[in-house]
2 protein chains.
Amino acid sequence: MTARAECVALDAADPLRAHRAAFALPDGVVYLDGNSLGALPRATGARLREVIEREWGVGLIRSWNDARWIELPRRVGAKIARLIGADGHEVVCTDSTSLNLFKVLAAALRLQSLHPRGSTAGRRVILSERGNFPTDLYVAQGLTDLLGAGHELRLVDFDEVADAIDDRTAVVMLTHVNFRTGAMHDLAGITRRAHDAGALAIWDLAHSAGALPVALNAASADFAVGCGYKYLNGGPGAPAFVFAAARHLTSLVHEPFAQPLAGWFGHRTPFAFDAGYAPAPSIDRFAVGTPSILALAALDVGVDTVLAAGVEALRAKSVALARQFVELVEAQCAGLGIELASPRDPDRRGSQVCFRHPHAFAVMQALIARGVIGDFREPDILRFGLAPLYVRHVDVWDAAAAVAEVLAKREWQRTEFQRREAVT
Amino acid sequence: MTARAECVALDAADPLRAHRAAFALPDGVVYLDGNSLGALPRATGARLREVIEREWGVGLIRSWNDARWIELPRRVGAKIARLIGADGHEVVCTDSTSLNLFKVLAAALRLQSLHPRGSTAGRRVILSERGNFPTDLYVAQGLTDLLGAGHELRLVDFDEVADAIDDRTAVVMLTHVNFRTGAMHDLAGITRRAHDAGALAIWDLAHSAGALPVALNAASADFAVGCGYKYLNGGPGAPAFVFAAARHLTSLVHEPFAQPLAGWFGHRTPFAFDAGYAPAPSIDRFAVGTPSILALAALDVGVDTVLAAGVEALRAKSVALARQFVELVEAQCAGLGIELASPRDPDRRGSQVCFRHPHAFAVMQALIARGVIGDFREPDILRFGLAPLYVRHVDVWDAAAAVAEVLAKREWQRTEFQRREAVT
């Protein structure tokens with residue numbers, strides 16, 4: 001088993017070691033929840049001060065042009081595009097992941113109604129995974145309820161998705177990396193299966209973007225959405241992003257309401273103040289209202305921290321951290337009731353490692369009391385996010401040791417059993 | 001005509017004079033565009049520093065509970081409720097005005113389909129004003145297109161709305177104060193007319209909230225939305241707010257998708273991660289995805305600046321400023337081609353004063369070059385927002401003098417005629 005000194009040596013040799021210094025992490029904390037809320041980049045405070053004091057305070061309304069606020073959703077979107085295998089003009093930062101999912105689901109259904117693929121007209125089924133992140137399922141439920149007319153959400157288990165795609169499937173909607181287990185879908189394979197069956201594929205990259213390489217265009221993915229506040233370090237509730245393949249932007253160009261959340265920031269000429277909606281012939285059509293510039297500026301800084309390290313290098317480190325964590329926990333906690341809940345194969349896993357324990361909630365409370373911050377997910381999951389930008393090998397060692405102590409000493413029994421809400 | 005010295009004296013006697021010091025306004029600028037982007041409260045920078053460095057940086061994920069981030073949308077909403085005549089539990093801050101309008105329009109149409117009023121079933125017409133702010137019209141167009149089945153948006157002129165309400169009208173959707181002219185609808189009167197005819201009333205308070213008293217519940221308004229970045233001083237693209245009358249929250253409680261943008265922040269128990277959507281039995285059901293805490297914190301500070309002054313006092317000052325501005329411009333610019341475009345009667349006007357001029361765009365460019373910042377609206381409108389928290393009588397005097405000079409010296413002819421985008 002790895003000794004702590006070996007971890008210290010691994011960290012000293014880590015090509016990404018300098019990047020941790022770009023984050024303001026509190027003393028005495030091992031932070032393994034960057035998959036829920038990314039850590040604070042040191043540069044964020046100064047950037048926000050500049051935006052607030054100079055751009056807003058002095059520039060006032062003029063800053064929409066002079067400080068190029070108007071371009072910020074696209075500028076940050078183009079940066080994120082580099083992390084997800086998309087072209088810069090295919091991504092815009094706007095609204096939340098939930099809202100962006102509503103937009104692309106509606107667009108996918110509209111595409112299917114306009115250009116039915118294969119022999120079957122009237123594809124009206126959204127196919128997803130039963131264990132998908134709930135808000136994705138809620139969005140699909142809200143949309144199918146609104147559309148009626150046979151639209152439905154069909155849910156199957158993680159491993160059944162590919163085989164469940166049939167000639168009634170309009171769109172396959174999946175989260176690439178499962179929020180609860182870290183299990184990763186085969187993005188290219190499922191997209192291909194969907195296309196072969198005449199369906200479209202939408203990917204939620206909430207637990208992928210910034211943590212591992214994603215190749216949307218190489219896989220011919222149709223649409224994607226993702227989150228700014230996890231591995232992109234954009235701050236609590238940061239704006240989300242939305243991707244539409246260039247071919248769909250073209251095919252939808254004559255459909256003004258292909259994306260039904262029509263707002264002035266998605267208009268072809270918002271400042272002409274026309275009474276009739278005419279969408280921008282670009283990814284801008286997925287924008288709706290006026291975006292928060294403070295939130296976008298913070299996200300911009302966060303995305304830069306990922307770009308500076310490079311997503312291939314981040315993935316390599318994440319895989320090494322995860323392998324080590326699994327090995328350490330399993331070696332130190334044998335017989336203590338804990339069981340790996342994530343796939344063991346790194347190719348089938350995102351950047352988090354999860355374990356099951358019958359008292360997972362109380363175990364996590366005891367870990368947090370010790371300064372090891374992961375999170376609990378119903379019903380019995382201990383979730384540890386290994387954000388490779390700032391998590392070190394020594395953090396993984398310390399976390400595994402803490403898990404072992406909490407279990408061996410049954411510290412979780414002393415933890416008061418009070419459900420506290422946490423945010424994924 | 002008022003002399004400048006009289007304005008100085010009026011400012012010295014202004015009961016609100018101390019409130020201007022709460023804003024960081026640049027030197028050499030007369031800022032008459034607070035109806036487009038409110039000025040920066042001095043307290044915003046420190047609050048954001050606290051949120052970023054302590055709450056996010058040190059508290060990390062724990063701050064959703066420990067710093068009460070989770071409550072922020074409702075906490076700020078309850079403050080805004082005090083400005084618009086609503087109860088605290090009827091307002092939440094979330095998303096953009098456009099998105100919130102989509103939610104309440106869909107909810108209003110659903111209510112009409114569930115509980116048809118009067119003798120006519122199947123009310124499917126959204127009635128609005130031709131000159132309404134375009135994004136409101138776009139949202140209605142996007143929704144009626146999505147719903148199909150005879151749903152339509154009907155547009156009439158400003159003064160024709162009340163008489164156009166008929167037994168096909170499902171909902172009357174109006175912006176209380178017109179963005180272009182400042183003309184104010186009779187909120188109570190039109191709401192009563194709508195109800196008498198079996199229709200519902202939705203009010204966009206973008207140019208009202210924080211500038212003048214609004215009495216939603218006294219008027220029995222059904223739904224409302226509004227903007228955080230104008231008179232509420234929440235910063236560029238600040239979150240918007242949404243109001244639903246308590247009776248509708250009750251009547252919709254058994255309709256899970258009454259508001260079709262279903263996301264986990266609108267769920268009854270978001271952290272139980274149920275696969276099925278069950279909306280919160282409260283205004284929270286109008287929330288969708290994770291809200292930006294940075295943006296909400298800035299809005300919180302902005303709303304506090306309004307509450308500190310009191311909206312009745314603000315309105316009284318706004319009316320005085322506007323009367324003076326109209327008088328000064330008309331006296332100094334007689335024969336120079338400028339004409340009042342706002343109602344002369346303060347009871348029929350919001351907190352802005354607009355003039356028409358055939359070369360309005362170039363005139364505004366010349367004014368901005370002189371440090372008098374208003375804005376231009378198509379086709380010929382010079383728009384001056386008189387945000388009473390920080391605009392002084394002497395500012396109004398200086399602005400009027402600048403208008404007179406620009407016109408008398410035909411300075412606008414020298415302005416390069418380059419269209420620059422601006423944001424309402």
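Visitor: How many residue pairs are in polar contact between chain B and chain A?

Guide: A polar contact is a pair of N or O atoms within 3.5 Å; within protein, one must be able to donate a hydrogen and the other to accept it, and residues adjacent in sequence count only if both atoms are side-chain atoms. Here the count is 22 residue pairs, both at pLDDT 80 or more. This is a predicted model, where local features need pLDDT of at least 70, side-chain atom pairs count only at pLDDT 80 or more, and totals for chains, interfaces and linings use all residues. Residues are numbered from 1 along each chain as its sequence is written, chains are lettered from A and ligands numbered from 1 in written order, and side-chain values use heavy atoms, leaving out hydrogens and water.

Visitor: And what is the count of salt bridges between chain B and chain A?

Guide: A salt bridge is a side-chain nitrogen of Lys or Arg within 4 Å of a carboxyl oxygen of Asp or Glu. The count is two, including D145(B) with R110(A), whose closest N and O atoms are 2.6 Å apart.

Visitor: What area is buried between the chains?

Guide: Buried area is the accessible area (1.4 Å probe) that two parts lose on being put together, summed over both. For chain B and chain A that comes to about 7400 Å², with 70% from carbon and sulfur atoms. On the chain B side, W56(B), Y138(B) and F273(B) lose the most, together 11% of what that side buries.
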